[in-house]
Amino acid sequence: DLEFAIVHFLRVKRADVALDCLGTSRHAKLPVSVDSILTVLEALRAVYSQNPESSERPRAVHKSYQLAETIKLLHETGPLTEAQSRRLENLEWFYLPLLESSQATPKLLPERVRKEPSFFVELVTMLGASDDAMNQPPKNRTETESQRAQNAYRLLDSMHELPGVVGGKMDEAVFKTWVSEVRRIAAEKKYTRFCENQLGDLLLH
């Protein structure tokens, strides 16, 4: 029983082997619960986060295809509960570099950008300087800030559909409302100038 095997390997802290079990389930078309798949991906995230220099880190590179295929499987599974969707969003964010290297794309995070203007502005604040800091020497970023900025860039670069587009057709009213709200929030946070640049880049996609 694959579910039992996955639980066992997670219990003995072998999330990498649990991921192999998921690969077996995909190829053999054996069902595994969404929560089990999410738990395996979360366990691997914990390993890679806590031990970035350990021997486990190179395994993430070698398993990037497997990880990407597992996330794509979740994208094709549905519908997810709200809690499951949030868990998957967090996993997409963590695994963005691996998804990029595997030529895979996130799904839920771009959808959230299109639905939530505040999230778009949040990403913008990770990337660039505020209006007040535009004319000042750039500050050195911490490693965490640099990683967040890289992920924000990757996510925005993966946007291939504008807000308001449904079934290939643009709802101009929805798009204009989204842009207006983005500009309002950016002005409140004093990120108007950089936000306008990012809006331009989004339109070019």
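Predicted model: local features only at pLDDT ≥ 70, side-chain atom pairs only at ≥ 80, totals over all residues.
Local features need pLDDT of at least 70 and side-chain atom pairs count only at pLDDT 80 or more, while totals for chains, interfaces and linings use all residues. Residues are numbered from 1 along each chain as its sequence is written, and side-chain values use heavy atoms, with hydrogens and water left out.

The protein has 12 helices and 2 strands, where helices (H or I, at least four residues) and strands (E, at least two) are DSSP runs numbered from the N terminus. Read from that end, the order is α-α-α-α-α-α-α-α-α-α-β-β-α-α. Along the principal axes, the C-alpha atoms fill a box of roughly 55 × 40 × 25 Å.

Of the 205 residues, 41% are buried; buried means under 20% relative accessible area, exposed over 50%, and partly exposed in between, with a 1.4 Å probe and protein chains only. Among contacts (heavy atoms within 4.5 Å) with a separation of 6 or more, 69% join residues 24 or more positions apart.

Most residues other than glycine have a negative phi. Lys 29 has a positive phi, near 55 degrees, and is found in the loop between α2 (15–28) and α3 (34–50). Lys 29 counts as exposed because its relative accessibility is 74%. Lys 190 also has a positive phi, of about 65 degrees. Its place is the loop between α11 (172–189) and α12 (192–204). With 46% relative accessibility, Lys 190 counts as partly exposed.
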